[in-house]
Amino acid sequence: MRRGVALLLMLAPIVAHADVVVLKGGRRVSGVVAEKTSRAVVLEVGPGRMAIPLAQVERIETGQSALAEYRARAARLAAGDANGWAELGQWARIAELLTQSREAFESALAIDPMNASAHAGLGHVLAGGAWLSEADAYRARGYVRFDGRWVTPSEREDELQERAEHARDAAARRSAEARAREAEARAEAAEAAARRAAEEARANADRGGIPYGWVAGGCGWNCGSPWRPHVTRPRAVTPAPVAEPPAPPRPPLEH
């Protein structure tokens, strides 16, 4: 398969130009026009092909591109030139043609399976005399994949434990904040109820009902309210004098 890819690239015709499709919104898409129909323009870019509706195309400009240069260089490589394919892979990587860069490195390895430059370009690691992929090399050293990176099992456990602690702390903070909000809501409700009661009491006082001071203070006219209810007090009754008992008769005097 790899030899077939290499042969196809070497036999491909030299394309010395590239096309830039300018869209009506001003966007520019660079590549090589592979096909143009009455409905769309099929543009070959690095990773593959893309179809652009013709109604969105403002114009097509011709110019040099990295993809066209890659194809031209690949067509000039001699058969069996593993180093040439490895160098082309490095050039394609710098030109940000990642798909073509990988193809070139794989073509070099198809010719020379031990080509160090191609292995390094693909991220392979030499371990125990054998070239391993980056993933296999890390696994061979006991690493595990975690959150898009390679770490040791102990580092992963530490990270998981730290995350669990952060999650518990966050849950505790959320619970405390919820309780504080609930207590504040209860206090506001109680304050609103007290205001309503005071307003109702004042309204009753204005209508001649139970005075506000009486209701709010709960101490009647002794609480300092300027309002004094009229109360008919009972008259004081003076007790009648009590008659003293008659004195006993004195005994007759002796002569």
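Modeller: Start with α4. The helix has 14 residues and reaches 20 Å from first C-alpha to last, close to the 20 Å expected at 1.5 Å a residue. Expected span is 1.5 Å times one less than the number of residues. Helices are DSSP runs (H or I, at least four residues), numbered from the N terminus.

Biologist: What should I know about the source?
Modeller: This is a predicted model: local features need pLDDT of at least 70, side-chain atom pairs count only at pLDDT 80 or more, and totals for chains, interfaces and linings use all residues. Residues are numbered from 1 along each chain as its sequence is written, and side-chain values use heavy atoms, with hydrogens and water left out.

Biologist: Which residues of α4 are buried?
Modeller: Q100, S101, A104, F105, S107, A108, L109 and A110. Buried means under 20% relative accessible area (1.4 Å probe, protein chains only).

Biologist: And N115, where does that lie?
Modeller: In the loop between α4 (98-111) and α5 (116-121).

Biologist: Buried or exposed?
Modeller: N115 is buried, at 4% relative accessible area.

Biologist: What does N115 touch?
Modeller: A82, N83, A86 and L109, leaving aside residues up to four places away in sequence. Contact means heavy atoms within 4.5 Å.

Biologist: New topic. How do the axes of α2 and α3 cross?
Modeller: At roughly 175 degrees, coming within 11 Å. Axes are lines fitted to C-alpha atoms over the stretch in contact, and angles run from 0 to 180 degrees between N-to-C directions. So α2 and α3 are roughly antiparallel, a label for angles over 145 degrees.

Biologist: Which residues make the contact?
Modeller: A66, E69, Y70, R73 and A74 of α2, with W85, L88, W91 and A92 of α3.

Technical notes: Helix = DSSP H or I, 4+ residues; strand = E, 2+ residues; numbered from the N terminus. Parallel < 35°, antiparallel > 145°, perpendicular 65-115°, else oblique. Buried < 20%, exposed > 50% of the residue type's maximum accessible area, 1.4 Å probe, protein only.
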